[in-house]
Amino acid sequence: MASGAREVEEVTAICDSLIINLGTLEEAAVPAMVLAGKKAAGLGHPVILDPVGVGASGFRLKTALSILSQVPVTVIRGNGTEIRVLAGTGGPSCGIDAAFPDRTGPENWREKAKIAGILAKRYDCIVAMTGEMDLVTDGERICRIQNGHPWMTKMTGSGCMLNGLLGVWLGAMAAVCANMRPAFFITCQALSAHGIIGELAYEKAAAAGGNIGAFFQYFMDSGALLEDLDLETRSKIDWGFLEEETGPKDRARRQNFLWTRERLEKVLCLYGVTDRRFTGSPEEFFNQIEAAIKGGVTMIQLREKDMEFPEFLKEAIKIRKLTRDYGVPLIINDSLPVALACEADGLHIGQGDMAAKTARILLGRDKILGVTAKTVSQGKAAKEAGADYLGSGAVFGSNTKPDAKYMTYETLSAICRSVDLPVAAIGGIDGGNIEKLKGSGIAGAAVVSGVWGKRDVEKAARELKKKAEALKEKKQEREKI
């Protein structure tokens with residue numbers, strides 16, 4: 001709430017995020033906006049710009065463009081007209097025009113997305129275009145959100161509340177994260193949550209026989225009482241790439257990055273999947289991972305099913321530094337926010353986790369996506385969704401997952417033959433049985449107890465690495481024939 005140049009930097013420094021709102025714009029406040037923006041950006045805090053009525057006057061447009069030229073903004077949040085004006089594709093705006101019909105119509109969302117994408121690329125930020133259908137893009141990815149209720153357009157301050165929600169959610173991420181990679185995902189979730197609050201408020205107001213006044217009260221209450229279950233069951237979010245590509249063309253584009261098929265086959269050779277049941281203190285856990293890498297583990301998957309986000313992220317950042325020092329990729333198991341926030345090399349998901357297509361979009365095209373596949377059809381579906389490799393098992397049962405279903409050698413071989421992706425076998429693999437996988441066509445073995453469950457982790461990894469490499473030699477001989 002600071003707007004004076006003499007104090008704005010001090011106030012900004014004690015906050016986790018900054019919202020620059022042009023709603024009641026005064027010329028004297030503009031220098032303070034720039035000072036606050038630069039301070040927040042310098043601290044690594046998210047900056048949200050709401051260009052209210054940017055097309056209503058030349059002064060507003062000049063101010064918005066001046067701020068954008070000087071401040072690295074995280075999110076530009078405006079209605080369709082405001083975003084079009086900033087992108088240079090729209091006409092005059094009456095100001096707060098969210099309640100007026102959008103001339104392009106919700107069915108022309110791709111046209112809107114392209115306009116928002118122009119703005120996102122120009123300022124290297126996220127653009128959130130709110131309206132009957134909310135659109136969020138970072139210039140590469142696009143998200144359509146269809147949560148909300150028409151009464152929200154009749155409630156003065158709804159947009160400012162959304163700004164506040166965005167500031168809180170992005171600020172909470174910034175408080176535990178050294179980068180803003182998850183900002184796109186968080187922005188989309190925050191907009192969906194805002195719409196869900198409106199839906200819940202309408203239901204409560206209607207049940208009580210109230211109207212807009214009651215709706216406002218219930219909106220505040222619903223926001224305060226919002227639960228994870230509401231977000232899980234009511235979110236209406238569609239994810240996609242701004243420029244859609246599918247099949248071989250899309251895969252070829254991704255392989256312009258580091259993770260070619262050839263390199264993936266190399267790092268899948270001996271794939272270490274962590275399990276805390278085989279370790280003690282955090283220091284011992286860290287030392288075991290380092291020992292495994294020294295012994296020859298070629299990729300690490302950090303799996304923490306029972307750890308809360310802040311603790312998981314703190315651990316992941318520490319392990320990420322270790323794997324970078326040794327030049328070994330780090331994959332995060334089933335936590336997209338942690339994978340993005342710690343800048344891991346990729347994400348692995350199971351059949352009961354996030355949809356593979358959604359994961360591919362949110363990760364972007366330059367990260368590794370692994371998917372568990374227990375059947376040929378699951379493997380083909382994973383490839384179609386954008387997976388880079390498959391994890392298949394349990395080939396010898398599993399000490400870490402007692403309920404895991406045993407996979408036959410024939411099924412494993414069928415997956416390797418039928419799906420044009422490298423496959424890592426998993427499930428009870430150790431030095432005594434790994435050679436039984438000869439001829440299956442796998443790219444490597446994912447090991448848990450076979451490494452972490454041994455007294456000498458480095459020695460166990462070294463012995464397994466030799467046997468895993470021998471399997472790959474057999475595969476190469478067959479391919480030559």
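A salt bridge is a side-chain nitrogen of Lys or Arg within 4 Å of a carboxyl oxygen of Asp or Glu. A search of the whole structure finds 18 of them. This is a predicted model, where local features need pLDDT of at least 70, side-chain atom pairs count only at pLDDT 80 or more, and totals for chains, interfaces and linings use all residues. Residues are numbered from 1 along each chain as its sequence is written, and side-chain values use heavy atoms, without hydrogens and water.

Take Arg77 and Asp50. Their side chains meet in a salt bridge (2.9 Å, N to O). Arg77 lies in strand S3 and Asp50 in strand S2, so the pair ties together parts that are 27 residues apart in sequence. Helices (H or I, at least four residues) and strands (E, at least two) are DSSP runs, numbered from the N terminus. Arg77 is buried at 7% relative accessible area. Buried means under 20%, exposed over 50%, partly exposed in between (1.4 Å probe, protein chains only). Asp50 is buried too, at 3%.

Next, Arg360 pairs with Asp388, their closest N and O atoms being 2.8 Å apart. Both Arg360 and Asp388 are buried. Salt bridges that share partners also join Glu199, Glu203 and Arg234 into one network.

Now turn to helix H3. Arg60, Thr63, Ala64, Ile67 and Leu68 are buried there. Seen down the axis of H3, the buried residues fall within an arc of 130° (from the directions of the helix axis to the C-beta atoms), so they line one face. The face turned away from that buried side carries the exposed residues Gly58, Lys62 and Ser69.
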